[in-house]
Amino acid sequence: MKGAHWRNVFLTSYLVFALLPIYWMVNMSFRTNEDILSSFSFFPKHFTWANYAVIFTDPAWYSGYINSLIYVAINMVISVTVALPAAYAFSRYRFLGDRHVFFWLLTNRMTPPAIFLLPFFQLYSTVGLMDTHLAVALAHLVFNVPLAVWILEGFMSGIPREIDETAYIDGYTFPRFFLKIFLPLIKAGIGVTAFFCFMFSWVELLLARTLTSVNAKPIVATMTRTVSASGMDWAVLAAAGVLTIVPGAIVIWFVRHYIAKGFAMGRV
Amino acid sequence: MQLRLDQVSRQEGLETHLYPLDLHLEPGSLTVLLGATRAGKTSLLRLLAGLDIPSRGKIWVDGQDVTGMPVRSRDVAMVYQQFINYPSLTVAQNIASPLKLSGRLDVPAISQRVRDVAQRLQIESFLDRYPAELSGGQQQRVALARALAKSASLMLLDEPLVNLDYKLREELREEFSTLFASGGSTVVYATTEPAEALLLGGYTAVLDAGELLQYGPTADVFHRPKSIRVARAFSDPPINLLPALAVPEGVRLGPDLTLNLVEALQRLPALNGQLTLGIRAGALELLVAPGQSDRESQRESHRLLVPAKVALAEVSGSDTYIHLETALGNLVAQRTGVHRLDLGELVTVGIDPEAVYLFDPQGAMVLAPNSVFQRATYADG
Amino acid sequence: MARIQLDIAHSYRANPRDDADYALLPMRQTFEDGGAYALLGPSGCGKTTMLNIISGLVAPSQGSIRFDQRDVTQLPPQQRNIAQVFQFPVVYDTMTVAQNLAFPLRNRGMDEARARARVGVIAEMLDLSAQLDQRAAGLSADQKQKISLGRGLVREDVGAVLFDEPLTVIDPHLKWQLRRKLKEIHRELRLTLIYVTHDQVEALTFADSVLVMARGRVIQSGSPSELFEQPAHRFVGHFIGSPGMNFIPVNRLKHGGSVSGSGSGSVSSFDDLIPPGAITLGIRPEYLGMGESKPGEPSEMNLLAAKVQRIQDLGSSWLVSAQVESGAEGGSDCLVRLRLARDAAVPALNQVVGLRVFGPHTRFYDAQERLIGRESEGALR
Amino acid sequence: MIKPVNQKAWWLVLPVVICVAFSAILPLMTVVNYSVQDIISPERRVFVGTEWFVSVLRDEELHSAMVRQLVYSFAVLAVEVPLGIALALAMPAAGWRASATLVLVALSLLIPWNVVGTIWQIFGRSDIGLLGAALQAIGLEYSYTGNPTHAWLTVLAMDVWHWTPLVALLCYAGLRAIPDAFYQAAQIDGASRLAVFRYIQLPKLRGVLMIAVLLRFMDSFMIYTEPFVLTGGGPGNATTFLSQYLTQKAVGQFDLGPAAAFSLIYFLIILLFCFVLYNWMQRVGTHSTGTAASDAGERGAV
């Protein structure tokens, strides 16, 4: 069929466009700096793991990853936990100012981190949270919690309210119903939400960099600083870059079946 | 459980779902809530369950005021028209959940009870499956099983059959009467279908536009509707209603079409003015060829014959409903069995004075066929 | 306008092994030009699959479909010149009602003027004229479904119009009007109409010829009254009519049939048709009569003793359930139902009555549940 | 059935309100506080009223940054929305190919924004980058560090590369939500591929497109990291968007007052856009979800 043919051509060409830059970085990450600068090639001539070795041996590098994973994890947990009950409230009840609160939450998702830069700096210095994982995790709540509420609310609205009522009639208390009956029903939603929280917290640079200096310094910051410092160690930088993609790639693989649904549900 | 509603009403925002009503259900009785969609059946059920709180009025259970009592602490079970089960639990766990929570029974007792109920509903073979793996009919059986297993003192069913196939509906409905009988709990059953109310028997409460119009033994309500509205709500096919002018010897339905009601009128105060004559499809006689009736018993004497044209012959179950166009207006007649009548075919209908209702200008019933009423005493049993 | 011939089998599995794997077992069917057909059966019987094969939405895994003489097996729906109406309303939200109705015509390049005229006619038929310029999105579910119906009927040149449970979302009181519309339309346009439903009311009312389906087979096809009077299979007897046919295990002796031991009757008049041995007697509740059995006197011949279990008042008639006691030859207990006319004598509860099971409407079924001696039309006289 | 009113529900929302308040409202208040003071040193601060606001609003650089920002944001929408829709239509509907494509397409969304920058930094360099080298090869004097236009285009290309998948996934989800009956009916009605898109798919996608536009507009409106890494806002100010400018002021020059005032103005602008789009969405949303719900209900009834 002709239509299908053109679709595939288009799709393939887009995928090339999407993957080529990434491939290029991967390619570089397996080459030495000299090789990169001297010759131009699609495949690593002198294939080497050296760049990765550097990262895995040098604490300055790998601690970056660990830090990032820690605060992303903290953020994910907090976001989902606080968002669950709120989303339930929004999906099931009307209450004073519900729509305003919802809108207000949205605005936070929409506010440029740049705006919060200063005050966060001040605030966290005064409460002594500077350069801690918690600081970044909390800061990222600004955009992740609204998002979590948004997506979960969508998933929950998809569940008939009669199930809740039946449970109450059967004598379930709210917490018990919520944990035993309701959560299993929105597993997918929780997965997708966690995925999005991970994603936005993992990719954010500005706040993460500003609120940390040494102990909680995230990989993203580490990279930017090496850019400025050492005379452009392209190969290692590329390797570092590749490694930052890996966790995301893994997570997305797990939620691949729900992700489309997740987007649909995200109050969309 | 003895249940009393006392001037209970329900508003949501501006719209009124239920106007103040009184209702009194005897322990162990079966009550059918009959009414069209949006008549207020579901609102009433939700009040009885305690899912909603009445805007005004009180609800008494065994003499104790439960108006504000939360659902959890009430002893009720509910079956929805959608097939509502806990998707994350197996059929067995679904049925067991209310028992587990009540904590009245120990584990072996519970599993025993689950098996019994499952057996009665013929789902024992699915106990380890998940609801999603079952057909609609089976899912609804699970929902029923869960409600029955709880053996709550009040059991509420909101059009439980409406989403099932025609035959499945018939089968389950057949089982209901025995299931309810065995339970001993007070049952309230909402439906839109008059036929269903009749098959279930018990008591019927007719609802229309948020008003409780009439409550009483089902056959009684059917045969002696208080008003036109009740008669309309409780007739399928729709009851035939004709404007009728009171005259000495009976009622005039049209130019030189007068129905002789002398005998009946002797039992009544003098009628006058514009009345409404009602006759149910089943009571309307259909003479396919003039002179020949499809009934043995012919009361040639006072029978009023009206020529008619067939608009549509609807076959429902084992009956044929014939929609007719006549000088008096559109009528519906019912014949047992499956009959083929072509659109436009010419027939004659017979209106039997013994079979008609009369309603006064305010719509209140003044005359009902007495023959049917006497027989109605057979009904409960 | 077309005569449709199917010679197909269909399975959704790659290589079906046994019958269970087939959605449709190998079958030949012919739909005559201009006929009104219904495919009736419980959900999962393959009726919708058959419909989609005719329309071309599904390609049969075996066999061929012919419209008149032309083989259309490989053609997509667009080129088959059929119309189809789906269970749930499908409207193009951004278009007005008129544009929706005109859509199939525009796509086939009919000129504005003619299209508009045609749309007018259809809108008139379905009384949508008032809404023609409204946006379809805003309308109620049944209005939307009317639009879908309209799009199905708007093309005059179609070979057939296919309906997949089109009245599911229509409210009950509107249903009969739409059924009538469909019948009128069929009479005017003489289109071939094929109508899928699980609801016998729909099927028997709408169709001249009904195909009763189960488990991927066509069990019987015939006119509504044939299906009612001459069920070719016990399934049909049970499925058509409500309540379904009564079935009583009987033992055919050399001379005279013995019905589950108690009571016996001569069936000499159709000896030749019925082989001796264990068979099943079928009779519809409408035709099952009671003999006079005054206490003390010996009951008349050919009566089957049964104990009255339940009496239900169906308003226009009585439904009596009675238990037939098992007899010597290990005939099992069975419950039978009688439908008695409003003015018939109604027995009392637990009274033992004599059932007149032999009559012109009595049927016999063999061990394979098939009607015995069907070929002799309206056999038993 | 409409949701019941229940004020107790507030208890469920409270945690969210608290944590967002802690990380949003408090900061905002400090911002307000700064914006009306001149902070000479932590000890010495002077109330200056609206002075900072006035000066910020007069700031030429800000104006140009604002203009650049708007042009950029609209360019982003103009490219990404159509491309995203096309992509969604082209993606396979089911099977392993579907999930594979899904993952590949979504990949770029999971790359830290500065790494995105880095990738393109490398990719675009004419000495070691494929893109740069290629463009050189075909005789273009391409340099995203030297030539403002090139820089701007590169940033745009990067954004398209980075964010089109979001639009695509949203639309993809929207498409999957359309019941088959619609396509079947269209087939029966003899609709062309184009008609199907025009009368079924596009209308059904309205809801999701709203979201896509909203998200993309807002996110592009606050773009910071990628250009920061790639071009550092240069050459000149060619790729200095609002966030860059703000950050320069706040962290770079550390003059808190103006930065705070700027932040507030920035925030209000965003809030305005948000409000308009949100209500717009609500209207369309209620409409489209309304039909969706009814469909669902009907499906529930079978």
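**Chain A**

I began with the secondary structure of chain A in this predicted model, and I counted 14 helices and zero strands there. Reading the elements of chain A from the N terminus on, I found the run α-α-α-α-α-α-α-α-α-α-α-α-α-α.

I then took the extent of chain A along the principal axes, where its C-alpha atoms fill a box of roughly 75 × 65 × 30 Å. For burial I noted that chain A has 268 residues, of which 51% are buried.

**Chain pairs**

Next I asked which of the five pairs of chains that touch has the most contacts, and the pair turned out to be chains A and D. For chain A and chain C, by contrast, I found no contact, and I recorded 13 Å between their closest C-alpha atoms.

**Chain C**

I looked up the domain assignment of chain C, which gives domain 1 as 4-234 and domain 2 as 242-378. Between these two, I noted that five residues of domain 1 of chain C are in contact with ten residues of domain 2 of chain C. Sorted by class, the side of domain 1 of chain C that touches domain 2 of chain C has two nonpolar residues, two polar residues and one charged residue.

Is helix H1 of chain C, residues 47-55, mostly covered or mostly uncovered? I found it mostly covered, with nine of its nine residues buried, and the buried residues of H1(C) include C:Lys47, C:Thr48 and C:Asn52 as well as C:Met50, C:Leu51, C:Ile53 and C:Ile54. Just after H1(C), I noted that C:Gly56 takes a positive phi of about 100°.

**The sheet in chain B**

In chain B I traced an open sheet of six strands, in the order E6-E7-E8-E3-E9-E10 and with mixed pairing. Strand E6 (76-79) and strand E10 (211-217) of chain B each have a single partner strand, so one side of each is left without a neighbour in the sheet. From one strand to the next, the twist averages 15°.

Methods. Residues numbered from 1 in each chain as written. Chains lettered and ligands numbered in written order. Predicted model: local features only at pLDDT ≥ 70, side-chain atom pairs only at ≥ 80, totals over all residues. Domains from an automatic or database assignment. Contact = placed C-beta atoms within 7 Å. Nonpolar A, V, L, I, M, F, W, Y, C, P; charged D, E, K, R; others polar. Helix = DSSP H or I, 4+ residues; strand = E, 2+ residues; numbered from the N terminus. Buried ≥ 20, exposed ≤ 12 C-beta atoms within 10 Å, placed from the backbone. Pairing = 2+ DSSP bridges. Axes fitted to C-alpha atoms, helices over the stretch in contact; angles between N-to-C directions.
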